[in-house]
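Open the model in your viewer and keep the selection panel at hand. The tour goes stop by stop.

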Amino acid sequence: MTVLRKEAGYRPVKERIYDFGEVEQTLNEQDRKLQASRCMDCGIPFCHWGCPVGSKIPEWQDAIYRGRKDEAYFILNSTNSFPEITGRVCPAPCEKSCVLAIHEEAVTIRENECSVVEQAFEAGIVKANPPQVRTNKKVAVVGSGPAGLSAADLLNRAGHTVTVFEKNDAIGGLLRYGIPDFKLNKSIIDRRLELFAEEGIIFKTNVNVGEDITKDELLDSFDAILLAVGAEKPRDLPVEGRDLDGVHFAMDFLMQQNKTVAGQEIPNEIRISAKNKNVVVIGGGDTGSDCVGTSIRQKAASVTQIEIMPKPPEKRSDNNPWPYWPNTMRSSSSHQEGCERRWWISTKRFIGEGGKLNSMEVVKVEWAQDESGRWVMSEMPGTTEIIPVDLALLSMGFTQPVHVGLLELLKLEYDARGNVKTNDKKQTTVDKIFAAGDVERGASLVVHAIEAGKVAAKNIDEYLREK
Ligand SMILES: Cc1cc2nc3c(=O)[nH]c(=O)nc-3n(C[C@H](O)[C@H](O)[C@H](O)COP(=O)(O)OP(=O)(O)OC[C@H]3O[C@@H](n4cnc5c(N)ncnc54)[C@H](O)[C@@H]3O)c2cc1C
Ligand code: SF4
């Protein structure tokens with residue numbers, strides 16, 4: 001009752017925009033204990049309900065407060081294979097459902113999570129723990145994002161021999177080549193991967209399953225297969241001028257930057273650079289905000305982020321009460337770094353000269369509910385404007401997994417949204433093939449992918465033991 005919420009905060013803007021180091025800072029150990037002591041150990045901890053991996057939050061807050069580093073880490077790790085990653089990038093639905101948040105500021109659960117793992121690594125508590133007994137069952141995990149890695153960890157712990165295939169040149173999925181280094185330093189992923197490898201997980205990069213390994217080889221060589229290939233099909237904006245040089249998908253831009261930070265050379269002919277350019281990021285979500293931070297670090301002349309939806313309210317509305325996720329205005333560290341944000345803006349066309357983008361036509365829109373309660377958008381007359389832009393980054397989300405290739409070859413069924421259809425055991429419609437993460441849920445969050453990997457691992461293990 002006497003300790004107020006204290007966040008570690010970010011490095012100063014004028015310092016952090018010159019590098020790709022993580023922006024978030026850390027509290028000292030004493031302050032961290034005080035923050036953990038704010039947890040009331042509620043009889044019914046809604047944070048535990050709000051966390052998709054069901055983290056036993058009050059228990060490890062108590063362990064932090066009492067200085068029991070190993071206990072805090074083991075409780076945390078018992079529901080989450082890599083809390084050092086959620087501790088950095090999770091939007092923390094747990095905090096939105098923290099009972100303190102009804103009348104006060106929530107416990108700093110996400111930051112506490114990160115500090116538990118960092119202190120555990122520092123104290124040498126986190127060690128490889130290979131399984132004592134092997135089952136001689138072989139599992140292929142296709143895709144190395146958080147869903148695939150979470151499942152691989154648990155299946156390996158159960159004694160199965162797990163091979164993770166990844167089409168890219170490095171393991172991690174969107175953790176590696178989507179989320180920028182200023183939110184998640186890639187050495188954090190490598191540190192965990194080293195332990196996984198020591199524990200016996202086999203990693204194969206640069207292997208596009210379906211091309212480099214045929215579908216039949218896959219089915220014949222493994223007792224069970226987990227598809228964790230993500231939802232890689234980006235939503236496009238098929239308006240006039242879409243083909244102009246200067247209009248790109250956000251992921252192409254972000255991936256190049258992460259590769260550059262990793263020391264790879266991007267050939268000039270394909271390099272997408274924001275340097276000295278007027279950048280417009282189309283899409284107001286998290287991927288868009290990552291494009292903002294990346295453009296600022298690449299020394300863009302200006303950065304504007306536009307969103308077609310209305311500006312969210314500052315406070316919860318009556319029909320969006322605690323403990324649900326609040327549909328309120330959110331700002332990231334990147335937004336503080338110098339970006340104009342605009343809502344109710346729709347893109348009409350891209351304009352260019354000699355094949356090169358130089359401006360775009362946008363219009364203000366309004367949203368109203370029709371008789372059936374559906375929200376309908378209409379353009380506001382007389383609000384058309386031309387804005388200068390040299391680089392437009394399309395970050396309007398992802399529509400579904402890529403069907404062409406592996407998924408088509410396996411003849412899997414899809415749900416109405418084009419995601420791979422699974423039952424509650426994450427089984428697809430084809431025997432011995434399971435699916436987890438964005439591929440079956442649609443583009444979502446790291447913490448949801450981790451949970452999906454856990455559910456798939458449990459059910460693959462049961463499937464293999466019954467065989
Ligand atoms: C730019 C960006 C920023 C994000 N930031 C956050 C954030 O801050 N917090 C958060 O919670 N979530 C964030 N997300 C969402 C989060 O990253 C995803 O929801 C999560 O990574 C999905 O995990 P996944 O394992 O299902 O798939 P992915 O991470 O997409 O991994 C799928 C992997 O499968 C591989 N693959 C595909 N096909 C094949 C094949 N045939 N053979 C071999 N490999 C294959 C792909 O190359 C990829 O590496 C962000 C997403 C993006 C795009
Ligand atoms: S994984 Fe996310 S929701 Fe769960 S405790 Fe950590 S920050 Fe909260």
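The model is predicted.

**Stop 1: ligand 1**

Select ligand 1 and show what surrounds it. The shell has 35 residues, and Val89, Glu166, Lys183, Asp438 and Val446 come nearest. Colour the shell by class.

Now turn to the oxygen atoms of the ligand. Lysine 167 places a side-chain N or O atom 3.1 Å from a ligand oxygen. Next to pick is asparagine 168, where the distance from a side-chain N or O atom to an oxygen of ligand 1 is 3.3 Å. Then show the backbone of leucine 174. One of its polar backbone atoms is 3.0 Å from an oxygen of the ligand.

**Stop 2: the nonpolar cores**

Stay with H17 for the next selection. The largest nonpolar core has 63 residues, and Trp60, Ile85, Leu184, Leu226 and Ile460 touch the most other members. H17 supplies the largest share of this core, 10 residues.

Pick leucine 184 and list its contacts. Beyond its neighbours within four places in sequence, leucine 184 is in contact with Glu22, Ile85, Arg88, Val89, Leu175, Ile179 and Ile189. Val89 was also on the list of residues nearest ligand 1.

Then look for a second, separate core. This one has 18 residues, among them Ala140, Phe222, Leu412 and Val420.

**Stop 3: ligand 2**

Select ligand 2. Its shell has 13 residues, and the closest are Cys51, Cys90, Pro93, Cys94 and Glu113. Two elements give two or more residues each: H7 and helix H8 (109-122). Which of them gives the most? H8 does, with three residues. By class, the shell divides into nine nonpolar, two polar and two charged residues.

**Stop 4: glutamate 95**

Move along H7, residues 93-96, and select glutamate 95. Is glutamate 95 buried or exposed? Its relative accessible area is 10%, under the 20% cut-off, so glutamate 95 counts as buried.

A polar side-chain atom of glutamate 95 lies 2.9 Å from the backbone nitrogen of arginine 110. Glutamate 95 is in contact with Arg5, Ala101, Ala106, Val107, Thr108, Ile109 and Arg110.

**Stop 5: asparagine 28**

Finish at asparagine 28, in the loop between helix H1 (13-16) and helix H2 (29-36). Its relative accessibility is 46%, so asparagine 28 counts as partly exposed.

Show the polar atoms of its side chain. One lies 3.1 Å from the backbone nitrogen of glutamine 30. For the backbone nitrogen of aspartate 31, the distance to a polar side-chain atom of asparagine 28 is 2.7 Å.

Asparagine 28 and serine 115 are 87 residues apart in sequence, yet their C-alpha atoms are 9.5 Å apart in space.

Terms used:
Residues are numbered from 1 along each chain as its sequence is written. Chains are lettered from A and ligands numbered from 1 in the order in which they are written. This is a predicted model: local features need pLDDT of at least 70, side-chain atom pairs count only at pLDDT 80 or more; totals for chains, interfaces and linings use all residues. Side-chain values use heavy atoms; hydrogens and water are left out. A residue is near a molecule or strand if one of its heavy atoms lies within 4 Å of it. A polar contact is a pair of N or O atoms within 3.5 Å; within protein, one must be able to donate a hydrogen and the other to accept it, and residues adjacent in sequence count only if both atoms are side-chain atoms. Helices (H or I, at least four residues) and strands (E, at least two) are DSSP runs, numbered from the N terminus. Buried means under 20% relative accessible area, exposed over 50%, partly exposed in between (1.4 Å probe, protein chains only). Contact means heavy atoms within 4.5 Å. A nonpolar core is a set of buried Ala, Val, Leu, Ile, Met, Phe, Trp, Tyr and Cys residues joined through side-chain atoms within 4.5 Å. Ala, Val, Leu, Ile, Met, Phe, Trp, Tyr, Cys and Pro count as nonpolar, Asp, Glu, Lys and Arg as charged, and the others, Gly among them, as polar.
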